[in-house]
Every structure is written in structure tokens, then in C-alpha cells.
Amino acid sequence: MINDKVLDFLKAKGYADRLTEHKETIDTVEHAAQQIGCSEAEIAKTLSFIVDEKPVIVVMAGDGRVNYSKFKAQFHVKPSMIARDQVEAITGFVPGGVCPFNVPKEIPVWLDVSMKRFEYVHPAGGNSFTSVKLTPSELEEVSGATGWCDVCKGWEE
């Protein structure tokens, strides 16, 4: 089932043909990579945090993990993820399907540099059965990203 809100958004941006519906769930990096047919690293995982009592989205490569000291250097607080049962109410998307675009305008979206090494990355498309194939620069444009950051570890090893 395609998320109509995301489909309409992508149509308006000229990227509707990049949305793919999958038969199996893509609710984890592992599941997404299997369904899409790419490496786990090429999955653009969208994580939601609370920074200064406000939501912030950070998108990073599937093989990255949040580095606490880098996160604190960027955002001036320790990373605190939004509770799973609050993700949909805050972002408009269910956990496992949060996409980095068409979120409420007051939520800044940051893109981690770990994704720049790929020709294409694959964020979720609004639910746990759809993904979107975008270049990192297309993702930056479509998401209206606040900017690029460097807050994860593990991907350079």
C-alpha cells in the first residue's frame, strides 16, 4: 500500500517514478536491503531525535551508528531518540516507514555524510512497504535538508 501523501509529494517534485512498493516489509535495514536488492549500507535510515525539546530527523547510511560525541558536537545535547510509540504522532509516519521528506515543516532534516559515498540511497517511502531510490543530492533537494552533518560511526571501518 503506497502512502498517498508521499506519492503526491514525490509527484510534485518529479520523483514519483522512484517510489517502489515491496511485497515484504522493509521495516529494518536488513529487510529493506533484501527487498530492494542493495547493500545494507545503501539504506538511508531515518532516525528521529529530541533536541532542545523539539524533534529533529537525521538520515544516515544503513551501516552507520550514532556516535554520541559527534552528535553532541553537532546538536549540543546527548542523542535522545523519540519513543517508538510517539514517532507517528510527531513525524506523521509509523516506525519502520519514516521518510525524510514531507514531514512537518518545523522538523529539521539533517543528512549524514555517510551517505555521500553511494550513487543511490534508499529511504523509506512513508510506510514499511515502500522505498524511494534517490542520489544523495536528490535526497538533499527533496527533503529540504537543513544541511549535512557527521554524527555517525561504523561506516568508515
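**Close-up views of a predicted model**

**View 1. Gly126 and its neighbours.** Leaving aside residues up to four places away in sequence, Gly126 touches Asn3, Val6, Phe93, Gly97 and Cys99, where contact means heavy atoms within 4.5 Å. This is a predicted model, in which local features need pLDDT of at least 70 and side-chain atom pairs count only at pLDDT 80 or more, while totals for chains, interfaces and linings use all residues. Residues are numbered from 1 along each chain as its sequence is written, and side-chain values use heavy atoms, with hydrogens and water left out. Gly126 sits in the loop between strand 6 and strand 7 (130-132); helices (H or I, at least four residues) and strands (E, at least two) are DSSP runs, numbered from the N terminus. With 6% relative accessibility, Gly126 counts as buried. On that scale, buried means under 20% relative accessible area, exposed means over 50%, and partly exposed is in between (1.4 Å probe, protein chains only). Pro95 is 31 residues from Gly126 in sequence, and their C-alpha atoms are 9.5 Å apart in space.

View 2. The UniProt record (an unreviewed entry) puts the feature "domain: YbaK/aminoacyl-tRNA synthetase-associated" at residues 24-140. UniProt positions are given in the numbering used here, feature names are shortened, and annotations may be inferred rather than shown by experiment. In the model, the end C-alpha atoms of residues 24-140 are 27 Å apart, and the span is 22% helix and 24% strand.

View 3. Follow the strands in the order 6-2-3-5-8 and you have walked across an open sheet with mixed pairing. Two strands pair if DSSP finds at least two bridges between them. Strand 6 and strand 8 are the edge strands, each pairing on one side only. Strand 3 and strand 5 run parallel and are joined by three bridges. Along strand 5, Val109 stands opposite Ile57, and Trp110 stands opposite Val58. Strand 5 also pairs with strand 8 in the parallel sense, again over three bridges, and here Trp110 has Gly147 of strand 8 as its bridge partner. As for the side chains, Val109 and Leu111 point one way from strand 5, Trp110 and Asp112 point the other way, and all are buried.

**View 4. Helix 2 across the sheet.** Helix 2 (residues 29-36) lies across strand 2 (43-51) and strand 6, running at about 150° to strand 2. Axes are lines fitted to C-alpha atoms, for helices over the stretch in contact, and angles run from 0 to 180 degrees between N-to-C directions. Val29, Ala32 and Ala33 of helix 2 are buried. They cover an arc of only 95° around the axis, so they lie on the same side of helix 2; the arc is that of the directions from the helix axis to the C-beta atoms. An α-helix has 3.6 residues a turn, so residues three or four places apart point the same way. Strand 2 is part of what covers the buried residues of helix 2. After helix 2 comes Gly37, with a positive phi near 85°.

**View 5. The salt bridge between Glu138 and Arg18.** Three salt bridges turn up in a search of the whole structure, counting any side-chain nitrogen of Lys or Arg within 4 Å of a carboxyl oxygen of Asp or Glu. In one of them, the side chains of Glu138 and Arg18 meet at 2.6 Å, N to O. That pair links distant parts of the chain, 120 residues apart: Glu138 is in helix 5 (residues 136-143), and Arg18 is in the loop between helix 1 (4-13) and strand 1 (19-21). Glu138 is buried, at 14% relative accessible area.

**View 6. The salt bridge between Arg117 and Asp63.** Here the side chains of Arg117 and Asp63 come together at 2.5 Å, N to O. Arg117 is in the loop between strand 5 (109-112) and strand 6 (122-123), and Asp63 is in the loop between strand 3 (54-61) and strand 4 (65-66), so the pair ties together parts 54 residues apart in sequence. Arg117 is partly exposed at 36% relative accessibility, and Asp63 is partly exposed at 27%.

**View 7. The salt bridge between Asp150 and Lys70.** The closest N and O atoms of Asp150 and Lys70 are 3.1 Å apart in this salt bridge. Asp150 is in the loop between strand 8 (147-149) and strand 9 (152-153), and Lys70 is in helix 3 (residues 68-75), so the pair ties together parts 80 residues apart in sequence.
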